[in-house]
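User: I would like to learn how to read the local features of a protein model. Could we go through one together, starting from a single residue?

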Amino acid sequence: MSTGELLNIEPLELKFPFELKKQISCSLQLSNKTDSYVAFKVKTTNPKKYCVRPNTGVVTPRSTCDVIVTMQAQKEAPADMQCKDKFLLQSVKTVDGTSPKDITADMFNKEAGHVVEECKLRVLYVSPPQPPSPVPEGSEEGSSPRGSVSENGNANGSDFTQAARGFTERPESQDRSAEARALISRLTEEKNNAIQQNSKLCQELELLKREGNKSRGGVSFVIVVLIGLLGIIMGYLMKTT
């Protein structure tokens with residue numbers, strides 16, 4: 001923490017958990033130690049690489065202000081994870097009621113007679129936090145997933161046996177699940193084929209019914225015609241006799 005006369009600055013090192021192709025942010029907290037309004041301005045040696053919000057502002061008496069520094073996504077990692085970038089935070093007392101819109105560059109000009117307090121900030125790259133390792137099934141919370149070690153420094157043989165058994169059982173369960181999926185797929189295909197065959201049989205049965213109705217209608221018509229001809233012949237024979 002910086003203990004200047006105007007502002008307390010926390011932290012003095014900007015630590016970025018470096019990851020390629022990922023935008024990373026960290027924050028600064030500025031605390032006004034005075035009973036006056038304090039204007040501040042943040043500068044950097046690499047303005048294209050960082051975005052500071054707000055880069056200028058006013059901290060009211062005995063209050064705090066948060067500044068967010070965002071590093072743009074990087075395509076390459078620096079050598080040895082070292083960063084030479086630096087920041088400079090300037091602060092100066094100003095009149096009461098000053099707003100961020102009232103801040104000008106001349107307020108931080110020492111040659112103009114202004115008392116400007118400056119604080120340099122370093123940039124550090126740190127390793128990103130690692131995700132917690134999954135706890136194996138059957139292990140109690142807080143216990144180590146590794147095999148236990150006896151007093152003489154040798155690993156417990158039963159733990160290795162259980163571990164080997166677990167590795168051998170996993171492929172069997174995977175094979176069983178694969179067989180079950182194959183059986184379900186085959187039964188589903190057979191069901192669909194049966195439905196299609198049933199539909200086809202229904203269509204053929206309906207067609208046979210229609211053809212049967214037509215054939216019965218044709219036979220009855222022929223019988224009527226034959227009976228009519230037979231009647232005509234009988235009538236003619238009766239006349240001739």
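Analyst: Let us start with Arg62, which is exposed, with a relative accessible area of 56%. Buried means under 20% relative accessible area, exposed over 50%, and partly exposed in between (1.4 Å probe, protein chains only). This is a predicted model, where local features need pLDDT of at least 70 and side-chain atom pairs count only at pLDDT 80 or more, while totals for chains, interfaces and linings use all residues. Residues are numbered from 1 along each chain as its sequence is written, and side-chain values use heavy atoms, with hydrogens and water left out.

User: Where is the place of Arg62 among the strands?

Analyst: Helices (H or I, at least four residues) and strands (E, at least two) are DSSP runs, numbered from the N terminus. Arg62 sits in the loop between β7 and β8; β7 covers 56-59 and β8 covers 64-71.

User: What is the phi of Arg62?

Analyst: Arg62 has a positive phi of about 60 degrees, although it is not a glycine. Asp80 also has a positive phi of about 60 degrees and is not a glycine. Asp80 belongs to the loop between β8 and β9 (86-94), and Asp80 counts as exposed at 68% relative accessibility.

User: Back to Arg62: with which residue does its side chain meet in a salt bridge?

Analyst: A salt bridge is a side-chain nitrogen of Lys or Arg within 4 Å of a carboxyl oxygen of Asp or Glu. Arg62 meets Asp35 in this way, at 2.9 Å from N to O. Because Arg62 lies in the loop between β7 and β8 and Asp35 in the loop between β4 (24-32) and β5 (37-44), the pair ties together parts that are 27 residues apart in sequence. Both Arg62 and Asp35 are exposed.

User: Which residues is Arg62 in contact with, leaving aside its neighbours within four places in sequence?

Analyst: Contact means heavy atoms within 4.5 Å. By that rule, Arg62 is in contact with Asn32, Lys33, Thr34 and Asp35.

User: How many salt bridges does the count come to?

Analyst: The count comes to five salt bridges. One of them pairs Arg122 with Glu13, the closest N and O atoms being 3.2 Å apart. Arg122 lies in strand β10 (residues 117-126) and Glu13 in strand β3, so this pair ties together parts that are 109 residues apart in sequence. Arg122 is partly exposed at 46% relative accessibility, and Glu13 is partly exposed at 28%. Lys22 forms a salt bridge with Glu19, with the closest N and O atoms 3.4 Å apart.

User: Which residues does a cis peptide bond join, with omega of about 0 degrees?

Analyst: Look at Glu10 and Pro11, where omega is about 0 degrees. Pro11 falls in the loop between β2 (7-10) and β3 (13-17). A cis peptide bond also joins Arg53 and Pro54, with omega about -10 degrees, and Pro54 lies in the loop between β6 (50-53) and β7.

User: Where does UniProt place the feature "coiled-coil region"?

Analyst: UniProt positions are given in the numbering used here, feature names are shortened, and annotations may be inferred rather than shown by experiment. The unreviewed UniProt entry places this feature at residues 177-211. In the model, the span is 100% helix and 0% strand, and its end C-alpha atoms lie 51 Å apart.

User: Finally, which residues make the nonpolar surface patch?

Analyst: Patches are made of residues with over 30% relative accessible area and no salt bridge: like charges are joined within 9 Å, nonpolar side chains (Val, Leu, Ile, Met, Phe, Trp, Tyr) within 5 Å. Accessible areas come from the Shrake-Rupley method with a 1.4 Å probe; for residues, only the protein chains shown count as cover. Here Leu226, Leu229 and Ile232 make a patch of about 320 Å². Ile232 is found in helix α1 (residues 157-240) and counts as exposed at 60% relative accessibility.
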